Amino acid sequence: MTKSSAVLFILIFSLIFKLEELRAALVLVVLLIAGGLFMFTYKSTQFNVEGFALVLGASFIGGIRWTLTQMLLQKAELGLQNPIDTMFHLQPLMFLGLFPLFAIFEGLHLSTSEKIFRFQDTGLLLRVLGSLFLGGILAFGLGFSEFLLVSRTSSLTLSIAGIFKEVCTLLLAAHLLGDQISLLNWLGFALCLSGISLHVALKALRSRGDGGPKPLKGPGSHPDLELLLRGSRPEEDDNDEEEEYFVAQGQQ
């Protein structure tokens, strides 16, 4: 339920940094999605103060992160429109930030594990390394698609797509693990889907309005063509003068 506040933080920071315009439809979409997800996950777990603070802080920092990422990706002078360029510059910093946590919480266990460093079965080692390699490829594809989506749309759209993923996860948990879903949860599910559908419809209408035919420039507006026309005008004037001279001579 606390994680649903991420879309609110992204909207707030998008308005602060002037990446989004304050519109009633946009506020309605965010309220429908956040409120619907809150209702859909209501009473799904026990409340914990430390977990609540951690998730709320993560939502706040995530809002700043994706808003600043959108600013980096959509500034032409920075040259980071290509997601590969963005990942090339950001992923090393992300690795350096996560590596100390990995070393503290998992480093000792991994170094003494018989699956990797103290392996005895080569087949088991190859399966573990293959799983890690596959996970790395999937993580790379996920990061690439996220940066590409933010560069072409907005961080708010990415957050809404993530909420759709969360809804699918909760539905699978209810279907496969037998979690109980009340009438209030189903109502929240309907509100969340209505907010997502409204956002998609607004994006489609806005892109259709922006994609109208642009006025064509005249032939003289191109600088190379203007230079060519200017260079050809003296020759045309000289030819006209020569024709008039020969015509006058023939009449005489």
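Let's start with two helices: the axes of H1 (residues 6-16) and H6 (residues 155-176) come within 9 Å and cross at roughly 175 degrees. That angle makes H1 roughly antiparallel to H6 (over 145 degrees). Axes here are lines fitted to C-alpha atoms over the stretch in contact, with angles from 0 to 180 degrees between N-to-C directions, and helices are DSSP runs (H or I, at least four residues) numbered from the N terminus. This is a predicted model, in which local features need pLDDT of at least 70 and side-chain atom pairs pLDDT 80 or more, while totals for chains, interfaces and linings use all residues. Residues are numbered from 1 along each chain, and side-chain values use heavy atoms, without hydrogens and water.

Where the two helices touch (heavy atoms within 4.5 Å), Ala6, Val7, Ile10, Leu11 and Ser14 of H1 meet Ser155, Leu156, Ser159, Ile160 and Ile163 of H6.

Val7, Phe9, Ile10, Leu11, Phe13 and Ser14 in H1 are buried, with under 20% relative accessible area (1.4 Å probe, protein chains only). The buried residues of H1 pack against H2, H3 and H6. After H1 comes Lys18, with a positive phi near 60 degrees.

Terms used. Angles under 35 degrees count as roughly parallel, over 145 as roughly antiparallel, 65 to 115 as roughly perpendicular and the rest as oblique. Buried means under 20% relative accessible area, exposed over 50%, partly exposed in between (1.4 Å probe, protein chains only).
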